[in-house]
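Biologist: Before we look at any coordinates together, could you show me how to read contacts, domains and helix packing in a model of this kind?

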Amino acid sequence: MASHGIRDAVAIVGMGCTAFGEHWDRSTDDMLIEASSEALKSANITLDDVDAFWLGTMGSGLSGLTLSRPLKIDHKPVTHVENFCATGSEAFRNACYAVASGAYDVVMAIGVEKLKDSGYSGLVVTPPANDGTQATVTAPASFSLLAPAYAKKYGVDPDEMKEVLTRIAWKNHKNGALNPRAQFRKEVPKETIACSPLVAGPLGIFDCSGVSDGSAAAIIVRAEDAHKYSDHPLYVKALSFIAGPAAGPIDPNYDYTTFTEVVRSAEDAYQQAGITNPRAELAMAEVHDCFTPTELVLMEDLGFAERGFAWKEVLAGTFDLDGELPVNPDGGLKSFGHPIGASGLRMLFEAWTQLRGEAGERQIKSIAAGKRKALTHNLGGSPGACVSFVAIVGDEPDA
Amino acid sequence: MPGIVSYGAYLPYWRLQRSAIGQSLGSGGGKGARSVASYDEDSTSMGVESGRVALATAPDGYRPALVAFATTAPAYADKTNATAIHAALDLADEIPAFDTVGAIRSGFGAALLAQAAGGLAVLADVRTGRPGSADEASGGDGAVTLAFGDGNEIVEVLGSASVTAEFTDRWRTPGESFSQVWEERFGEHAYVPLAEQAVTQAQKATGLALADVDHVIVTGPHTRAVKAASRVIGARPETLVDDLANEVGNTGTAHWALMLADVLDRAEPNQTIAVVLLADGCDVWLLRTTDLLPTRRQPVSVRQRIASTRDDLSYAQFLTWRGFLHREPPRRPEPDRPAAPPSARSERWKYAFTGTRDSTGFVYLPPSRVSLTTGEIDHMEEVRMADVKATIATFTVDRLAFSLSPPVVAAIIDFDGGGRFQCELTDVDPDNVKIGDRVEMTFRRLYTSGGVHNYFWKAKPITVTPDGGGR
């Protein structure tokens with residue numbers, strides 16, 4: 001596979017992100033206006049300066065008009081993209097390529113989702129007309145398959161496994177408590193997490209990410225123009241996106257302890273960015289912790305822990321805010337919330353905030369100590385049948 | 001003249017103790033238990049299950065001339081229900097399939113039709129009544145398929161007789177969920193002479209008196225009339241076949257055939273059997289078993305099936321499944337109705353559970369045109385997996401998903417000889433599922449949406465095993 005990447009070709013010069021949560025009093029339009037305005041302001045530009053737009057939403061609107069109508073965009077290209085829960089990242093990736101190609105000077109990637117208006121629990125997806133033979137399992141049920149499979153493969157007993165999953169939720173809530181934009185802004189005792197009502201398999205309510213409303217946006221320009229807009233831009237080091245053949249549910253060799261799509265997208269991204277030891281070289285990672293066992297497995301798939309050892313690293317605090325490699329310092333999907341189309345851009349917003357030293361109480365120490373790269377990882381689908389996105393950004397061009 | 005070449009009975013996994021009715025309502029119920037179709041079963045799906053049993057034990061190369069389906073509880077009107085059975089049994093397009101639905105007597109009509117042509121009679125029923133009614137307590141759910149053919153019979157038909165009479169004993173207007181009956185003594189008055197008349201006719205036609213018959217099946221919806229008729233038709237009391245009222249209840253159109261299946265599970269070769277059905281007249285069939293019977297009994301007997309059921313179903317659950325109790329659903333959207341064109345395109349998958357296998361032996365469920373291993377397109381052979389057993393690779397209990405009977409137990413199963421599939425488990429206790437458990441496929445009605453029944457396959461734990469006979 002030829003994946004050349006566009007290392008250091010484009011830069012993020014402005015970002016915006018709404019608070020995530022149950023926004024009963026704000027519409028999709030309101031959130032798009034808020035996130036885009038904040039991003040434009042942070043890049044010191046106006047809407048007229050943006051040449052083209054990429055809008056990511058899974059179910060909160062169709063076509064580019066979903067963005068151009070509320071913003072009153074004056075006859076410019078607006079592309080609507082959708083790629084399950086990685087929709088926001090997909091908007092960002094395509095926007096970056098448009099700038100790298102030379103087609104545009106300044107573009108906006110924006111993601112939005114209004115989940116709470118549906119009136120249902122959890123995520124609701126309306127499939128196209130079909131023959132009714134698809135299994136009707138929910139997202140937590142699909143991802144719950146990871147926990148017993150992992151525990152069995154690596155000899156982790158059920159109580160230890162529960163402790164590991166609980167600690168992941170506890171850590172992400174602890175991080176989110178320090179984040180004014182997070183949906184859930186309080187620490188949750190481990191006992192509360194461990195004893196929460198079961199949703200699917202061993203997963204309780206507190207093992208699931210927050211269902212929420214929100215929007216996030218980024219302004220992207222050519223790297224050489226970055227300092228015209230920002231005194232502290234982020235350079236895009238790698239963008240990798242992989243769709244698997246969805247073989248997990250039909251292949252008896254798939255064992256539900258890995259996402260092959262994540263492994264492949266991480267390898268691709270590290271190669272693009274020239275990273276050989278992600279755990280040592282990255283300052284932080286925002287990963288797709290849709291459910292607690294997902295984060296556990298991702299630590300191995302992204303190369304942050306040896307196979308079979310992530311559970312020990314979790315218990316040792318390796319991925320805590322003050323750990324060796326902080327993971328989800330903003331609270332992650334778990335506590336920041338998961339408005340589908342916005343999540344990928346929200347992850348980049350935390351990289352933006354941390355690498356620029358603007359994270360306040362939750363500022364990561366390793367950045368001051370000289371680590372200058374952050375990873376975001378965004379996943380869509382279910383174990384064995386998913387799409388995976390990995391981005392690496394840094395606040396200085398490589399030599 | 002064609003006779004029976006194989007037979008298959010199906011009883012649902014669940015039974016309701018009649019005492020549970022009395023405990024909830026303060027009166028009624030009675031002794032014993034009745035069989036209960038699960039929330040995902042109906043007359044069509046149970047008919048398929050019985051048909052699979054009958055076809056599995058039919059003579060090699062058996063090809064039914066038609067499918068005649070009978071029930072008092074059809075899943076559809078206007079649309080033929082037997083077509084779904086035909087499709088799920090993977091029968092050839094050229095084999096016709098008909099419904100004979102509405103009345104209990106239809107079951108006998110379907111059998112006459114199937115016998116004349118050498119085809120399948122599929123008799124299935126879901127019987128209930130208003131909460132607290134005698135029908136609710138005495139009814140039962142189940143299905144029987146009788147396969148008829150010329151040659152290789154396990155049962156020969158010696159002769160038959162029918163008497164028809166128009167009188168109002170039991171009736172139900174279409175759309176009603178319960179039946180009504182006239183005063184019980186009137187039905188007895190009407191039925192007993194009809195039974196005597198039909199039995200006399202059958203005796204004349206065959207030269208066989210009921211006193212000389214080894215197994216006498218007398219049944220019908222009117223219990224009192226059946227008892228009275230049993231005393232006057234000349235049968236020796238010890239030859240009267242147990243009506244399974246205590247274990248199953250009256251399964252409507254299927255009941256005479258269920259009693260017959262129970263007899264065939266244990267009858268000796270060259271024994272005679274009489275069927276006397278009291279329903280809007282009287283139908284009599286005189287039969288004789290052949291030497292082939294012991295070699296082609298159904299692998300799991302009626303009694304074995306009863307023994308492997310669960311009888312701790314709660315009355316509230318029973319009422320919910322039958323639509324008499326509307327409970328709060330999960331806060332999730334109801335599924336869309338299955339769309340007709342994609343369902344028609346995938347008929348071989350949706351109904352016959354047929355996947356594809358590539359040149360390397362990899363099995364695709366659902367069928368795939370493109371090989372995962374070689375990338376070749378359309379280098380596939382069809383492979384029917386409905387009768388292949390499987391092992392649970394992993395599973396989860398989904399407490400969020402929409403279901404008529406939550407929680408959903410979803411499993412990843414690996415078929416013997418290859419093929420992985422993700423599906424719902426049914427007839428299962430969520431607290432007692434284990435990785436490595438053995439499962440088999442079962443045809444079910446997943447849900448109904450927009451008036452369209454979504455039929456497809458689920459897996460269920462293997463709870464009944466052959467107890468001898470069959471092959």
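This is a predicted model: local features need pLDDT of at least 70, side-chain atom pairs count only at pLDDT 80 or more; totals for chains, interfaces and linings use all residues.

Biologist: How many residues does the contact take from chain A and from chain B?

Modeller: Two residues are in contact if their C-beta atoms, placed from the backbone, lie within 7 Å. By that rule the contact takes 30 residues from chain A and 33 residues from chain B. On the side of chain A that touches chain B, α4 (139-144), α5 (146-154) and β5 (198-200) of chain A each supply at least two residues; helices (H or I, at least four residues) and strands (E, at least two) are DSSP runs, numbered from the N terminus. That side of chain A divides into 19 nonpolar, nine polar and two charged residues, where Ala, Val, Leu, Ile, Met, Phe, Trp, Tyr, Cys and Pro count as nonpolar, Asp, Glu, Lys and Arg as charged, and the others, Gly among them, as polar.

Biologist: Which domains does the assignment give for chain B?

Modeller: Domain bounds come from an automatic or database domain assignment, and for chain B this gives domain 1 (3-321) and domain 2 (340-461). Their C-alpha centres lie 31 Å apart, and 15 residues of domain 1 of chain B are in contact with 15 residues of domain 2 of chain B. The side of domain 1 of chain B that touches domain 2 of chain B has eight nonpolar, two polar and five charged residues.

Biologist: At what angle do the axes of α6 and α11 of chain A cross?

Modeller: Axes are lines fitted to C-alpha atoms, for helices over the stretch in contact, and angles run from 0 to 180 degrees between N-to-C directions. The axes of α6 (residues 158-176) and α11 (residues 292-301) of chain A come within 9 Å and cross at roughly 95 degrees, so α6(A) and α11(A) are roughly perpendicular to each other (65 to 115 degrees; under 35 is roughly parallel, over 145 roughly antiparallel, the rest oblique).

Biologist: Is Ser138(B) buried, exposed or partly exposed?

Modeller: A residue is buried if 20 or more other C-beta atoms lie within 10 Å of its own, exposed if 12 or fewer, and partly exposed in between. Ser138(B), with 18 such neighbours, therefore counts as partly exposed.

Key
Residues are numbered from 1 along each chain as its sequence is written. Chains are lettered from A and ligands numbered from 1 in the order in which they are written.
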